[in-house]
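Welcome, and please open your viewer. We will go from stop to stop, selecting a few residues each time and looking at what is there.

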Amino acid sequence: MTSDDALSDVVDPRPATRRGEGFAGRIFDVVVDDVDLGEAGTVTREYVDHPGAVAVVALDDDGRVALLDQYRHPVRSVLWEIPAGLLDVAGEPAVVAAARELAEEADLRAGRWDVLADFLTSPGGSNEALRVFLARDLSPVPAAERHVRTDEEAAMQVRWVPLDEVVARVLDGSLHNPSTVVGALSAFAARAGAWTALRPVDAPWPYRKGTLPV
């Protein structure tokens, strides 16, 4: 690659000569691959095999973002997050999953959807790919149609926060959820560019589960 090449990650799989199952869980598995690196030899890599996820920056007409407080046990913390959820319905378009999560978690619908950002949450130890959408032209889900939230979601509250404040809280270390961090910074940058960097909801997503070679 030279300095004249476009700056872009490249899907370039090395062959897995053996695959083993380290752990089978309810949501994700841990797999063990022997990976042929050519002249560098064969290495063994353990990683989380994850279905992938979507997240939503719901932005209202006043420039505020919908945030939810949710307890996350692995880090023993209540985090402020944008609505998000797993891609656990086979073949479902990502934007459909995002719309469902927005309705279930924030009681909101959106008339306009765009792609803000795609990221890999921890590519050294997981294949989880996450797409962040921007949702605008918001309206409430009618009370009779609202989802009944359970478990950690039962006590979730929706808080509307100006996008500028969310970005400030990301930069001062107050907010830590990766979808919130990526989503807020991406929305801030996209707004500064008059939203010209937004992509359509069906934009290519090479890292979505089922797209990469096994």
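A salt bridge here is a side-chain nitrogen of Lys or Arg within 4 Å of a carboxyl oxygen of Asp or Glu. Keep that in mind for later stops, and remember that you are looking at a predicted model.

**Stop 1: the opening strands**

Begin by selecting residues 16-24, strand E1, and residues 29-36, strand E2. These two strands run antiparallel and are joined by seven bridges. Together E1 and E2 make a hairpin, with four residues between them. Click on Ala24 and look across to E2, where Asp29 stands opposite.

Now pick out Ile27, in the loop between E1 and E2. Is Ile27 buried or exposed, or something in between? Ile27 counts as partly exposed, because its relative accessibility is 40%.

**Stop 2: on to the next strand**

Next, select residues 42-49, which are strand E3. E2 and E3 also run antiparallel, with eight bridges between them. Find Asp34 and follow its bridge to Thr44 in E3. The hairpin of E2 and E3 has five residues between the strands, and there Gly38 takes a positive phi near 70°.

**Stop 3: salt bridges**

How many salt bridges does a search of the whole structure find? The search finds twelve, and we will visit some of them.

Select Asp60 and Arg64, whose side chains meet in a salt bridge with an N to O distance of 2.7 Å. Asp60 counts as buried, because its relative accessibility is 15%, while Arg64 is partly exposed at 29%.

Move on to Asp118 and Arg199, where the side chains meet at 3.2 Å, N to O. This pair links distant parts of the chain, 81 residues apart: Asp118 lies in strand E8 (residues 108-120), and Arg199 in the segment after helix H3 (178-192). Asp118 is partly exposed, with a relative accessible area of 28%, and Arg199 counts as partly exposed at 28% relative accessibility.

Then try Arg169 and Asp172, a salt bridge whose closest N and O atoms are 2.8 Å apart. Arg169 is partly exposed at 32%, and Asp172 counts as partly exposed at 43%.

**Last stop: a network**

Finish by selecting Arg112, Asp114 and Arg136 together. These residues are linked in a network of salt bridges.

Technical notes
Residues are numbered from 1 along each chain as its sequence is written. This is a predicted model: local features need pLDDT of at least 70, side-chain atom pairs count only at pLDDT 80 or more; totals for chains, interfaces and linings use all residues. Side-chain values use heavy atoms; hydrogens and water are left out. Buried means under 20% relative accessible area, exposed over 50%, partly exposed in between (1.4 Å probe, protein chains only). Two strands pair if DSSP finds at least two bridges between them.
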